[in-house]
Amino acid sequence: MRFSRCAGTSVRSNRCPAGAGPFRMSPFPVDFRASLGRGLALILSCGSRRRFIAKSLAANLGGQRVRSRCLCGAAAAAGASSSIRGPNHGQEGQCSGTGVAQYDVAVVGGGMVGMALACSLASMPLTKNLNIAIIDSNPALVNGIRINKEDPPDPRVSTITPATISMFRDIGAWQYLQQYRHAYFDKMQVWDYTGLGYTRYHARDVDKDSLGCVVENKVLQSSLLLCIQNADIQKKIFPSRLVSMSLNPGLKSKRMDGISPEISRGDLTKLQLNDGTCLYAKLVVGADGSKSQVRELAGFKTTGWNYSQNAIICTVEHASENRCAWQRFLPAGPIALLPVGDNFSNIVWTMNPKEALDQKSMTEADFVKTVNHALDHGFGPHPTSSLLGNGNFFSWFRAGVVTSGNGGFEIPPKVLKLASERMVFPLSLRHANDYVSKHVALIGDAAHTVHPLAGQGVNLGFGDAFALSRVIGEAIAVGMDIGEVSLLKKYEAERKPANIAMMAILDGFQKAYSVDFGPLNILRAAGLHAANYISPLKRSIISYASGEQRLPLFS
């Protein structure tokens with residue numbers, strides 16, 4: 001038996017079906033790339049926004065096909081056992097142990113999003129009796145995550161929205177997070193290096209106490225781990241990696257421990273791990289990140305591209321506490337300064353790969369000087385209070401529209417020194433054309449990855465986790481199989497349009513601020529000033545970014 005690669009797929013087979021040629025990478029669809037590249041129109045033109053989103057959603061919900069993976073061999077064609085092997089197929093063999101465990105839900109990936117799904121299932125009356133398997137090779141999930149409160153903050157942080165905070169409270173994880181360092185912020189300033197425009201947001205614009213909270217990833221992970229460990233639900237953590245997945249094992253069993261007697265193994269998915277362990281599950285959830293093994297094994301196709309940018313992240317220290325989130329758009333990419341508690345802030349700086357390596361290797365003193373230069377007067381002057389130097393630029397908009405300036409432009413606090421190592425990682429956009437198939441669902445980065453310029457990536461993932469848990473609860477309420485594709489499509493229908501819309505906006509901003517062109521600079525400045533001075537627009541932007549409502553064109 002050998003492994004052959006059909007037109008777009010990798011399977012175990014002696015031959016491929018007639019007409020299936022060698023696997024090739026297809027070019028990304030031009031219409032999808034173009035639609036995501038017009039996100040700036042969402043800010044600048046209400047009329048064109050509706051047309052843009054309609055095109056974006058139509059293109060994606062229509063199902064672009066970039067990479068395809070098909071099942072080869074007569075067995076697959078006949079609908080028999082579909083055994084899909086991973087790249088570590090040499091490690092496969094007979095299942096170890098005397099018996100094979102069965103679970104209702106197998107979550108592959110015990111990161112923040114996967115753990116959030118498990119905690120959400122444990123918190124709801126309809127789903128708290130499920131038997132859950134969590135598969136992740138990270139030893140910290142078994143040994144515990146150690147956090148020394150005296151250490152400086154880790155550079156890997158997430159900005160979580162008020163909507164995410166509310167969901168963390170609902171599932172019982174927020175009580176554990178509050179024991180560790182976290183930083184609320186109630187103000188945010190965004191400006192352009194040209195000096196033509198800026199926007200200041202304040203929580204009071206939407207009658208809130210904060211716009212969000214910056215938390216170290218290890219704190220989020222530890223809080224969710226403590227939440228699931230203390231939850232009254234059947235669960236087991238497997239410290240291993242997934243190596244193969246059989247979608248229809250074709251075995252029958254009259255009785256299986258932990259799963260209702262009337263369900264047979266033929267209705268389940270079989271998972272084999274690298275330590276030889278095998279298990280069955282009604283539903284397999286891929287929460288295993290941007291290089292998802294579940295996505296590859298289940299044959300989900302993706303659309304996307306790599307940005308010619310890297311992000312450099314680190315922790316820095318100030319003379320006093322920072323309570324504002326700052327973001328400045330520079331010629332090579334945005335730089336963000338985010339409060340993380342005490343006198344510390346987090347830097348997320350996007351630039352081309354060579355510049356990122358140079359910034360990482362320079363001395364600490366030179367790097368601190370470069371950061372302060374980028375956050376102050378480097379590359380261009382400070383913005384004025386209005387595009388035309390006075391406060392009447394938007395007086396033409398409409399009589400009776402309330403304006404809000406929230407004061408003038410402010411200079412961010414000076415960085416005194418580095419407080420962590422500098423880390424560099426590449427940036428990309430990826431989107432799974434489908435989120436679900438029979439017995440399989442994708443959440444988080446396994447389904448979509450976005451540019452980090454607005455800190456929305458993890459919040460989209462948490463939204464996926466909570467939406468999927470609700471759909472599973474609805475299935476149990478009416479006695480449906482939780483792995484049934486028609487049910488899982490409800491989750492996809494809820495999350496896919498919202499994720500695509502956010503991806504389009506972020507990708508549009510990335511492209512709009514990657515060009516230094518006079519007329520476009522004026523348009524960007526007009527958009528920033530519109531958001532700053534037109535209160536209804538400002539409130540809609542804040543509410544949308546907070547995850548609490550859709551923009552009017554999505555309603």
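Me: Contact means that heavy atoms lie within 4.5 Å; with that in mind, what share of the contacts in the protein chain between residues at least 6 apart in sequence joins residues at least 24 apart?

Reply: The share is 77%. This is a predicted model, in which local features need pLDDT of at least 70 and side-chain atom pairs count only at pLDDT 80 or more, while totals for chains, interfaces and linings use all residues. Residues are numbered from 1 along each chain as its sequence is written, and side-chain values use heavy atoms, with hydrogens and water left out.

Me: How many helices and strands does the protein chain have, and what makes a stretch count as one or the other?

Reply: The chain has 16 helices and 23 strands. Both are DSSP runs numbered from the N terminus, a helix being H or I over at least four residues and a strand being E over at least two.

Me: What percentage of the residues counts as buried, and what makes Phe 329 buried?

Reply: Of the 555 residues of the protein chain, 56% are buried, a term for relative accessible area under 20%, with over 50% called exposed and the range in between partly exposed (1.4 Å probe, protein chains only). Phe 329, which belongs to strand β16 (residues 324-330), has 4% relative accessibility and therefore counts as buried. Leaving aside its neighbours within four places in sequence, Phe 329 is in contact with Val 190, Trp 191, Asp 192, Tyr 193, Pro 334, Phe 509 and Tyr 513.

Me: Why is Asp 342 called partly exposed?

Reply: Its relative accessibility is 45%, so it falls in the partly exposed class. Asp 342 sits in the loop between β17 (333-341) and β18 (344-351), and although it is not a glycine, its phi is positive, about 55°. Phe 379, in the loop between α12 (364-375) and β19 (417-418), is likewise not a glycine and has a positive phi of about 75°.

Me: What makes α13 largely enclosed by the rest of the structure?

Reply: Of its 22 residues, 16 are buried, and α13 is therefore largely enclosed. After α13 comes Gly 479, whose phi is positive, near 75°. Helix α5 is also mostly covered, with eleven of its twelve residues buried.

Me: Why are α5 and α13 called roughly parallel?

Reply: Axes are lines fitted to C-alpha atoms, for helices over the stretch in contact, and angles run from 0 to 180 degrees between N-to-C directions. Under 35 degrees is roughly parallel, over 145 roughly antiparallel, 65 to 115 roughly perpendicular, and the rest oblique. Helix α5 (residues 112-123) and α13 pack at about 30° with their axes 9 Å apart, and therefore they are roughly parallel. Their contact includes Met 112 and Leu 121 of α5 and Phe 462 and Ile 472 of α13. By class, this contact has eleven nonpolar, three polar and no charged residues, where Ala, Val, Leu, Ile, Met, Phe, Trp, Tyr, Cys and Pro are nonpolar, Asp, Glu, Lys and Arg charged, and the others, Gly among them, polar.

Me: What makes α13 and α14 roughly antiparallel?

Reply: The angle between α13 and helix α14 (residues 485-512) is about 160°, with the axes 9 Å apart, so the pair is roughly antiparallel. Among the residues that meet are Asp 464, Arg 470 and Glu 474 in α13, and Lys 490, Glu 494 and Arg 495 in α14. This contact divides into nine nonpolar, two polar and six charged residues.

Me: At what angle do the axes of helix α7 and α13 cross?

Reply: The axes of α7 (residues 162-171) and α13 come within 10 Å and cross at roughly 40°, which means that α7 is oblique to α13. Thr 164, Met 167, Phe 168 and Ile 171 of α7 make this contact with Asn 459, Phe 462 and Phe 466 of α13. It comprises five nonpolar, two polar and no charged residues.

Definitions and conventions:
Contact = heavy atoms within 4.5 Å.
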